[in-house]
Amino acid sequence: MWPLVAALLLGSCCCGSAQLLFRKVKSVEYTSCNGTVIIPCIVLNVEAQSTEEMFVKWNFNKTYIFIYDGSKNNTIVDTNFPSAKISISDLLKGDASLKMDKSNAVTGNYTCEVTELSREGKTVIELKYRAVSWFSPNEKILIVIFPVLAILLFWGKFGILTLKYKSTRTSKRIILLLIAGTVLTLIVIVGAILLIPGENPVKSASGLGLIAISIGILIALQYNVFMTAFGMTSFTIAILITQVLGYVLALVGLCLCIMACEPVHGPLLFSGLGILALAELLGLVYMKLVASNQRTIQPPRNK
């Protein structure tokens, strides 16, 4: 009985020694931010004393893409994955991870096979691609809310304008303001439709650009509203300067967000859009105060 047990234990030990153990990694992700893609392959029980005792083979699906033969100190790389490589010096530490340029990376299953003299083993890792979004859903809503609020405030000023002016000259200006305001409103709506639900980075970028760039039309609209109502005053000039600064800030934030891979400059964009909306609010309050002090606001005379 005891000899049989001993034989079984010895057999299990021998079987165990013939098997390499790997750190369990089911999948890894890479994004557009990655310059290099690393697919991990970590052997936990390497006992080799020299890389001459090591043999590594990487397969993509069922086709080899990389082979390292330590006994011959020879490396073979598939032409479809020219940048694929491993760190030979790290093999004795159990690290046979595959590294390649992002341009060569293909999503799918990669198999790492490692042989150490009489022991061998393999592990399968899935490579996935994850699209990077500049902004979270809440941040996207915030980007839309500020321009929409600013446009609503413009329409409030437009309402005051239409109630106070009835001359032919101002009627023409009001028609132009109506057309420009309608166009801006439509552009912002289209931008919001592209930006908010979009997982597609191209659509999101297009929506963001439409909103951030077109919102500058509000500066020209506010200027014309002031000129039609009561001309330029020190307060209206200050409002317009504030609005211009907000727009510049929004454009700088937009440019930095586009150039950066991660959305680290979002607050700059939010701040610029918020200042634009604040300037519209100040303009509406000022017009309301002036309108409440006059029965009919006379248009400025041309000198």
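Two strands are taken to pair if DSSP finds at least two bridges between them. Helices (H or I, at least four residues) and strands (E, at least two) are DSSP runs, numbered from the N terminus. The structure is a predicted model, in which local features need pLDDT of at least 70 and side-chain atom pairs count only at pLDDT 80 or more, while totals for chains, interfaces and linings use all residues. Residues are numbered from 1 along each chain as its sequence is written, and side-chain values use heavy atoms, with hydrogens and water left out.

The secondary structure of the chain consists of seven helices and eight strands. Of the 303 residues in the chain, 40% are buried; buried denotes under 20% relative accessible area, exposed over 50%, and partly exposed the range in between (1.4 Å probe, protein chains only). Among the contacts in the chain with a separation of 6 or more, 65% involve residues 24 or more positions apart, a contact being heavy atoms within 4.5 Å.

Six strands are arranged in an open sheet with mixed pairing, in the order E1-E8-E7-E3-E4-E5. Strand E1 (27-30) and strand E5 (74-77) are the edge strands, each of which pairs on one side only. From one strand to the next, the twist averages 20°. Strands of a sheet pair through backbone hydrogen bonds, either parallel or antiparallel. The antiparallel sense is found for strand E3 (residues 54-60) and strand E4 (residues 63-69), which pair over six bridges; Val 56 has Tyr 68 in E4 as its bridge partner. E1 and strand E8 (residues 119-129), by contrast, run parallel and are joined by four bridges. In this pair, Tyr 30 stands opposite Tyr 129 in E8.

In a regular strand the side chains alternate between the two faces of the sheet. For E1, Val 28 and Tyr 30 form the covered face, and Ser 27 and Glu 29 the uncovered one. Thr 123 lies in strand E8 and is buried, with a relative accessible area of 11%. Apart from its neighbours within four places in sequence, Thr 123 is in contact with Phe 22, Cys 41, Tyr 110, Thr 111 and Cys 112. Thr 79, located in the loop between E5 and strand E6 (98-101), is exposed, with a relative accessible area of 70%. The C-alpha atoms of Thr 79 and Phe 66 are 9.7 Å apart in space, the two residues being 13 residues apart in sequence.

Helix H5 (residues 217-229) and helix H6 (residues 234-259) pack at an angle of about 175°, and their axes are 10 Å apart. Axes are lines fitted to C-alpha atoms, for helices over the stretch in contact, and angles run from 0 to 180 degrees between N-to-C directions. H5 and H6 are therefore roughly antiparallel to each other (under 35 degrees counts as roughly parallel, over 145 as roughly antiparallel, 65 to 115 as roughly perpendicular and the rest as oblique). On the H5 side the contact is made by Leu 218, Ile 219, Gln 222, Tyr 223 and Phe 226, and on the H6 side by Thr 236, Ile 239, Leu 240, Gln 243, Val 244 and Tyr 247.

The buried residues of H5 include Leu 218, Ile 219, Gln 222 and Phe 226. Just after H5, Gly 231 adopts a positive phi of about 75°.
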